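Hi,

Here is the structure I promised to pass on.

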Amino acid sequence: MERIPILKLRDFLLVSIQIDMHDRLAMTLQDDLTAEIVKQRAKAVLIDISALDLVDSFIGRMISNIAAITRVLDAETVVVGMRPAVAITLVELGLTMPGVRTALNVDRGIELLEAAIARRDAQDEAAE
Amino acid sequence: MTQLANILSTQEPAVLEEWVRYQRDSKSLRGNLIKEAEVRDQSSRFLEQFRAALSSAAGENIEGPGWASVRAVLNDISRNRALKGFTPTETASFIFSLKHALFAQLRTAFADQPKLLADELWNADRILDALGLYTTEVYQKSREEVIARQQQELLELSTPVVELWEGILAVPLIGTLDSSRTQVVMENLLQRIVDTGAALAIIDITGVPTVDTLVAQHLLKTVSAARLMGADCIISGIRPQIAQTIVHLGVDLGEVITKATLGDAFRVALRRTGFRTVRDSGGSSNAAVR
């Protein structure tokens, strides 16, 4: 059965979606990713969808869900590399993904996550 | 039909002369838009094809293949007049005014045969009416082509995406925002975000005359789409009147940053991207430094 690989990169998990997502694959990814976050104690998840040129409402909601789940597991999510056509489709479907961080490419995504993690650490220290 | 063709072939110069004179004297000829020589030329071209179609027994249906050359001439004339600014009435009068000259000829030819005269008049009347209506149709069609082309040009003209600074884009919107324009603006903006790698976009609505719920919704859609791509949007150029309208309509602009002027928005954008603006102590010029 095909799976989407989840790479560990320092404190991050990197998920690059290179093939057209179908519903079962999305469900598998959700399961794998949550398991991996707990196992690796990842602080953040970076989902690269630059190769995705077809998105339906199910996949859109899936991405939102993954972001919500990672937040519950105390990790940040950033979705990077969304294509213009995909962005327009999601907006037309009414899926504006509030609460999901987005960035133009992987570089920017990592910058964003590092800033977010630093901010969170500072907050934690201040609380102590 | 053949009677009409016979009369035309013998009396063509006389008919043409009378027709052109009638057009010149009537109000439907606009001297400032068209020269008499051109009217004469158009009239003679039409008469020639008209006579050819009649004598070839092309039938009464002007949509038939026998009338193709007549239709071609009329296409040409109507299109020409539509572009020159004639009204539909004036364009159709070109054909209808032929009745005057033609019926006079028929009356002389069948002066002693009232029944035949009535039949021929009826025939000629029907064909000329059909041709007249055809000119109006062509007129309408060429007008619509012009309108469609202008709309397309407007769409292309009015949605530039400007790069103000590295990483900062500006979209000065001018005119009413409808769904098709929003689509174009959105596509252009998103594509430029990809091309330039910009992290901030300023949407300036100084040139948008009114903002209603629909326009606000379109703006928010654009902002949401840009955000999904990882770029933040600032909406600037909100006039006092529009600010009032937005609040009265109960439109929620959410977390979108709004500024009164493009300058204010630009200042915020510079700060966000890590620049700050300082004024030299000696002069009044602004310099941006990292």
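A definition to start with: two strands count as paired if DSSP finds at least two bridges between them. Helices (H or I, at least four residues) and strands (E, at least two) are DSSP runs, numbered from the N terminus. This is a predicted model, with local features needing pLDDT of at least 70 and side-chain atom pairs counting only at pLDDT 80 or more, while totals for chains, interfaces and linings use all residues. Residues are numbered from 1 along each chain as its sequence is written, and chains are lettered from A and ligands numbered from 1 in the order in which they are written.

Chain B, around strand 4

Strand 3 (residues 200-207) of chain B runs parallel to strand 4 of chain B, and five bridges join them. In that pairing, B:Ile202 sits opposite B:Ile234. Right-handed here means that, with the strands pointing away from the viewer, the path from the first strand over the helix to the second runs clockwise.

Strand 4 of chain B also pairs in the parallel sense with strand 5 (residues 257-258) of chain B, over two bridges, and B:Ile235 is opposite B:Thr258. With helix 9 (residues 240-249) of chain B, strands 4 and 5 of chain B make a right-handed β-α-β unit. Four of the five residues of strand 4 (residues 232-236) of chain B are buried (20 or more other C-beta atoms within 10 Å of a residue's own, with C-beta atoms placed from the backbone).

Chain A

Chain A has four helices and five strands, in the order β-β-α-β-α-β-α-β-α along the sequence. Of its 128 residues, 37% are buried. The five strands form an open, mixed sheet in the order 1-2-3-4-5. Strand 1 (6-9) and strand 5 of chain A are at the edges with a single partner strand each, so one side of each has no neighbour in the sheet. Strands 1 and 2 (residues 12-16) of chain A run antiparallel and are joined by four bridges; A:Leu9 has A:Phe12 as its bridge partner.

Where the chains meet

The contact (C-beta atoms, placed from the backbone, within 7 Å) takes 13 residues from chain A and 16 residues from chain B. Helix 3 (84-92) and strand 5 (101-103) of chain A each supply at least two residues of chain A's side. Helix 3 of chain A gives the most, with five residues.

Cheers

Terms used: A residue is buried if 20 or more other C-beta atoms lie within 10 Å of its own, exposed if 12 or fewer, and partly exposed in between; C-beta atoms are placed from the backbone. Two residues are in contact if their C-beta atoms, placed from the backbone, lie within 7 Å.
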